[in-house]
Amino acid sequence: MNTVILLLRILHVVGGVFWVGSAILYFYFVAPSVKGLGPARPQFLQGFIERRRYPMFMNISSAVTILAGALLYWNSSGGLQTAWIQTPTGIGFTIGSVAAILAYLLGFILIRPRGQRLGQLGKEIAMAGGPPPATLAAEMHVLDDEIMALERVELVLMIVSLLTMATARYWGM
Ligand code: HEM
């Protein structure tokens, strides 16, 4: 195995661990805990999204995973040879790749702008002090519900990708 492939595999697998692991942590642990925070919630969201830059971390880890994955796909398929793509292993890696790319697009096009708006609202509310005005609280609520629904779909796609990537090499054996 040459050094470039080794490096790409490290970037790909580590990027995938960060991306999918963080999405699972957020969906199952952070988001439900934050819901119960009450008045401290906007402040938490402001720190999480604006100061700690969670969305940027997700953008970078997903982009690294996909770019390195695309190069590995090019290499494994001998430059997109259908002979490899049609093998059970090729089909497995193709399903995983498409699922991960769809998850990325969903995150980038639909979840990201909502997350940014949520961070902005958190900032406005935290700066104003006191309990959030009803209109802002209602907007936060709608954004929350939309983000959770979209993330549920994103997570399913990620898990499909994770499972196919983890096993595709052994399909057809
Ligand atoms: C959720 C995102 C992803 C995760 C968690 C992930 C994870 C993994 C893992 C753990 C492997 C090692 C499997 C093995 O060697 O048997 C792997 C290999 C691979 N992945 Fe992904 N992957 C993801 C997305 C992608 C994407 C988007 C592409 C293509 C655009 C891709 C293409 C590949 C290819 C071609 C291999 C085989 C590499 C080789 O033979 O050296 N992956 N992936």
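This is a predicted model: local features need pLDDT of at least 70, side-chain atom pairs count only at pLDDT 80 or more; totals for chains, interfaces and linings use all residues.
Local features are drawn from residues with pLDDT of at least 70 and side-chain atom pairs count only at pLDDT 80 or more, while totals for chains, interfaces and linings use all residues. Residues are numbered from 1 along each chain as its sequence is written.

Let us start with the protein chain as a whole. Its secondary structure consists of six helices and zero strands, where helices (H or I, at least four residues) and strands (E, at least two) are DSSP runs numbered from the N terminus. Along the sequence this reads as α-α-α-α-α-α. Taken along the principal axes, the C-alpha atoms fill a box of roughly 65 × 30 × 25 Å. The chain has 173 residues, and 25% of them count as buried. The burial classes rest on C-beta atoms placed from the backbone: a residue is buried if 20 or more other C-beta atoms lie within 10 Å of its own, exposed if 12 or fewer, and partly exposed in between. Two residues are in contact if their C-beta atoms, again placed from the backbone, lie within 7 Å. Among contacts in the chain with a separation of 6 or more, 83% join residues 24 or more positions apart.

Now turn to the ligand. It is surrounded by 23 residues, and the closest are Gly-16, Gly-69, Ser-97, Ala-100 and Met-165; a residue is near a molecule if its C-beta atom, placed from the backbone, lies within 6 Å of it. Helices H1 (3–35), H3 (54–76), H5 (88–128) and H6 (134–167) are the elements that give two or more residues to this shell. Which of them gives the most? That is H3, with seven residues. By class, the shell has 13 nonpolar, eight polar and two charged residues. For these classes, Ala, Val, Leu, Ile, Met, Phe, Trp, Tyr, Cys and Pro count as nonpolar, Asp, Glu, Lys and Arg as charged, and the others, Gly among them, as polar.

Next come the helix pairs. Two packed helices are described by the angle between their axes and the distance between the axes. The axes here are lines fitted to C-alpha atoms, for helices over the stretch in contact, and the angles run from 0 to 180 degrees between N-to-C directions. H1 and H3 have axes that come within 8 Å and cross at roughly 140°, so the two helices are oblique to each other. The angle classes are roughly parallel under 35 degrees, roughly antiparallel over 145, roughly perpendicular from 65 to 115, and oblique for the rest. H1 passes H3 in a left-handed crossing, that is, one in which the near helix is turned anticlockwise from the far one by less than a right angle (right-handed if clockwise). Residues making this contact include Leu-8, His-12, Gly-16 and Trp-19 of H1, and Ser-62, Ala-68, Gly-69 and Asn-75 of H3. By class, the contact of H1 with H3 has 11 nonpolar, nine polar and one charged residues.

How do the axes of H5 and H6 cross? They come within 8 Å and cross at roughly 160°, so H5 and H6 are roughly antiparallel to each other. The contact of H5 with H6 divides into 22 nonpolar, seven polar and seven charged residues. H5 passes H6 in a left-handed crossing.

A few single residues round out the picture. Leu-8 sits in H1 and counts as partly exposed because it has 18 C-beta neighbours inside 10 Å. Beyond its neighbours within four places in sequence, Leu-8 is in contact with Ala-68, Leu-71 and Leu-72. The C-alpha atoms of Leu-8 and Gly-69 are 7.7 Å apart, although 61 residues separate them along the chain.

Leaving aside neighbours within four places in sequence, Tyr-104 is in contact with Ser-62 and Ile-66.

Finally, look at two loop residues. Arg-53, in the loop between helix H2 (41–51) and H3, has a phi near 55°, a positive value in a residue other than glycine. Leu-80, in the loop between H3 and helix H4 (82–85), has a positive phi near 65°. Arg-53 is partly exposed, with 13 other C-beta atoms within 10 Å, while Leu-80 is exposed, with 9.
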